[in-house]
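Dear colleague,

I am passing on the structure below, and my notes on what turned up in it follow directly after.

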Amino acid sequence: AKGYNPKSGMGRMAFKDGAYYAMMDVVITLQLREFYRPQLELWGQWDLYLNRCAASHRAYFRMERNGIRINQDTIRRHVEELKPQVEELLAEFQAEAFKRLGRGDFNPNSPKQLLAFFSTFGVKLDNTAKATLQVMAEVPTGAGAWAQKVLDYRTMRKAESSYYGPYVNYADESS
């Protein structure tokens with residue numbers, strides 16, 4: 001509602017805006033825990049759950065207090081290695097989309113464009129979710145090969161934008 005990207009904008013959110021979000025996150029998490037508690041107790045897994053939570057909380061506290069040491073040079077090298085692979089896959093998609101759809105501005109992240117792209121193979125999909133594409137990718141030719149390329153592209157873009165980028169952007173000089 002405030003215009004922040006929920007995946008990448010939380011770190012730029014004003015404290016007063018983030019406080020409510022954080023509070024509701026805790027409330028919902030606690031409600032989920034209590035919802036599943038009877039089943040965990042029935043299965044004899046409640047103590048295991050509590051022990052795992054305690055171990056995780058200790059680790060998170062230490063990371064919050066001490067920070068996380070990263071090798072920025074390694075991350076930058078990974079980004080440099082990944083970038084040409086992403087660009088190459090994107091160029092392949094755009095060339096194939098131009099042949100099949102008559103357009104070269106193809107975006108493999110667009111479900112609408114992917115549905116149209118796969119329809120040119122005679123494949124009618126209801127969605128372009130990961131599970132759907134994984135089933136298609138089991139056939140290594142035609143539409144299946146392109147489904148695997150979509151999965152590869154998404155994986156690489158996710159690594160580049162959600163993992164590597166934020167580590168470098170939020171790191172301080174001592175990391």
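Trp 43 is exposed in this predicted model, with a relative accessible area of 56%, and Trp 43 lies in the loop between H1 and helix H2 (46-66). Its C-alpha atom is separated by 25 Å from that of Val 27, the two residues being 16 apart along the chain.

Helix H1 (residues 15-42) also holds Phe 35, which is exposed at a relative accessible area of 60% and which, together with Ile 28, Leu 32 and Tyr 36, makes a nonpolar surface patch of about 450 Å².

As for the charged side chains, the count comes to nine salt bridges. One of them joins Lys 149 and Glu 92, with N and O 2.4 Å apart; because Lys 149 lies in helix H6 and Glu 92 in helix H3 (residues 72-101), the pair ties together parts that are 57 residues apart in sequence. Lys 149 is partly exposed at 23% relative accessible area, and Glu 92 is partly exposed at 27%.

Another salt bridge is formed by Arg 103 and Asp 105, whose closest N and O atoms are 2.9 Å apart, while salt bridges that share partners join Arg 33, Glu 34, Arg 37 and Glu 41 into one network. Within that network, Glu 34 and Arg 33 have their closest N and O atoms 2.8 Å apart.

Finally, helix H4 (residues 111-119) packs against helix H6 (residues 143-170) at an angle of about 160°, with the axes 10 Å apart, which makes H4 roughly antiparallel to H6; the crossing of H4 past H6 is right-handed.

Conventions: Residues numbered from 1 in each chain as written. Predicted model: local features only at pLDDT ≥ 70, side-chain atom pairs only at ≥ 80, totals over all residues. Heavy atoms only, no water. Patch = residues over 30% accessible without salt bridge, like charges linked within 9 Å, V, L, I, M, F, W, Y side chains within 5 Å. Areas by Shrake-Rupley, 256 points an atom, 1.4 Å probe, with all protein chains shown as cover. Salt bridge = Lys/Arg side-chain N within 4 Å of Asp/Glu carboxyl O. Helix = DSSP H or I, 4+ residues; strand = E, 2+ residues; numbered from the N terminus. Buried < 20%, exposed > 50% of the residue type's maximum accessible area, 1.4 Å probe, protein only. Axes fitted to C-alpha atoms, helices over the stretch in contact; angles between N-to-C directions. Parallel < 35°, antiparallel > 145°, perpendicular 65-115°, else oblique. Left-handed = near helix turned anticlockwise from the far one by under 90°.
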